[in-house]
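Please look over the sequence and the structure, then read the points below.

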Amino acid sequence: MQILKHKTNIDFIGKRKPALFISTLINLAIIVGIAAVGFNFGVDFAGGTVVELKYNTPTTAEQVREKAQAGGLHDVSVQGVGAAEENSFLLRMGGVTQLTAENAERAKAAIQGLGEVRNVYADMANGIVNFRSAQPMSAEAVKKAVQDGAGIGVQEVRDLGANQGGTGYDYQVVASGMADKVFAALSAGSDKPDFEQRRVDYVGPQVGKQLRNRGIMALVYSMVAILIYVAFRFDFKFGPGALLAMLHDVIMVAGYYLVSQREFNLTSIAALLTIVGYSVNDTIVIYDRIREDMVKYKGKPLPEVINIAVNDTLGRTILTSGVTALSLIGLLIFGVGEIFDFAMAMLVGILVGTYSSVYIASPLVIWLDERAHAREGHSGGAKQEPKTA
């Protein structure tokens, strides 16, 4: 079955200047928006805790948020998951444990009130308060003092025994995780919780920063590798067009996350990497046809050759993009959370990837070819046909 029964003769390249102008404006606006507003980083990158809850009775996100705030969770973000009748919610908050800079000072004061205590310091990254006591202490007494004095949950009190110098006994107070605080806040005032806790994800701030940096580097390395491949596979003047098209597509999909303020996390990096591969695949198909047509229509101007190549591959482009987009429709309809975000980012990537192959990658080839001929003219050399191998 043919998508296009008759050969088209659309002047794609003739519209390249307004297309490049509009694309440049949109890309600059997205870059400025990222610098000014920034992404809504998920727990993967920003660090913190995410708890998924499913209520057994009809509940709204606003009701969950009000109850969480009443229980002391003032910086919590509540997002519905799936259809409204599912009553499922994601609660996101900063921090992995309940130990903060503010309540750590209260915890220290509570510990120091137990007796002769020294070397009290808080390990904020791990949610631990360390101290040394001149006399052995009861773990239960330490736990109660910290909970009452600092207002935080205590997961356990570790008795590390006498120190090597024999000058005291070392202890660690391990603060409870944020998920415990969520459970306590939303269960307050009821004999039995009206919800079930489906999952808990938490990432420390340092780990989140490392994941973010490595994700960005993975994007950079992949684009550099593709640039090298295209430069060797075709010609040097083809490589920059493919790279610029990939950058255009990555920025446009990043714009989706910026405008929608959906969570930008490791799944988003996976979507961007997939889009980079899809974009260069579509570009290479058109580049292959351009190279063939440069030999077939030797003597024709390069813009005309590229127009012929784009029209020749139009049916294949529509079929490939259409089938790929159709496979995402199901994910958009039935998917929730990160699955929906991945599918939407991919759909945006397919559209802009197809566009960039025609209006970003191909015009740059023309521009580089014109510059090469201009240099040859200035140097007094004879005009040569474009390289086709």
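Two strands are said to pair if DSSP finds at least two bridges between them. In this predicted model, β7 and β8 form a hairpin with six residues between them. Gly166, in the turn of that hairpin, has a positive phi of about 70°.

**Overall form**

- The protein chain contains twelve helices and ten strands. Its radius of gyration is 30 Å, while the globule rule gives 21 Å for 389 residues, so the chain is more spread out than a compact globule.
- Along the principal axes, the C-alpha atoms of the protein chain fill a box of roughly 95 × 55 × 30 Å.
- Of the 389 residues in the protein chain, 43% are buried.
- Taking contacts between residues at least 6 apart in sequence, 71% join residues at least 24 apart.

**Surface and charge**

- The chain carries 36 positive and 37 negative side chains. The centres of these two sets lie 8 Å apart.

- Strand β5 (residues 117-123) and strand β6 (residues 128-133) run antiparallel and are joined by five bridges. Ala122 has Val129 in β6 as its bridge partner.
- β5 and β6 form a hairpin with four residues between them. Gly127 lies in the turn of this hairpin and has a positive phi of about 70°.
- β6 is also joined to β8, by six bridges, and these two strands run antiparallel. Here the bridge partner of Ile128 is Val174 in β8.
- Strand β7 (residues 154-162) runs antiparallel to β8, with seven bridges between them. Asp159 stands opposite Tyr171 in β8.
- Strand β8 (residues 169-175) is mostly covered, with six of its seven residues buried.
- In a regular strand, side chains alternate between the two faces of the sheet.

- Asn119 is not a glycine, yet it has a positive phi of about 55°. Asn119 lies in strand β5. Its relative accessible area is 46%, so Asn119 is partly exposed.
- Gln261 is not a glycine either, and it has a positive phi of about 55°. Gln261 sits in the loop between α8 (239-260) and β10 (263-264). Gln261 counts as partly exposed because its relative accessibility is 32%.

- Asn311 is found in helix α10 (residues 302-312). Buried means under 20% relative accessible area, and Asn311 counts as buried because its relative accessibility is 5%.
- Once neighbours within four places in sequence are left aside, Asn311 is in contact with Thr8, Asn9, Ile10 and Phe12.
- Ile339 belongs to helix α12 (residues 337-378). With 46% relative accessibility, Ile339 counts as partly exposed.
- The C-alpha atoms of Ile339 and Thr267 are separated by 8.5 Å, and the two residues are 72 residues apart along the chain.

Terms used. Residues numbered from 1 in each chain as written. Predicted model: local features only at pLDDT ≥ 70, side-chain atom pairs only at ≥ 80, totals over all residues. Heavy atoms only, no water. Buried < 20%, exposed > 50% of the residue type's maximum accessible area, 1.4 Å probe, protein only. Rg over C-alpha atoms; globule rule 2.2 N^0.38 Å. Contact = heavy atoms within 4.5 Å. Lys, Arg positive; Asp, Glu negative; His and termini not counted. Charge placed at Lys NZ, Arg CZ, Asp CG, Glu CD.
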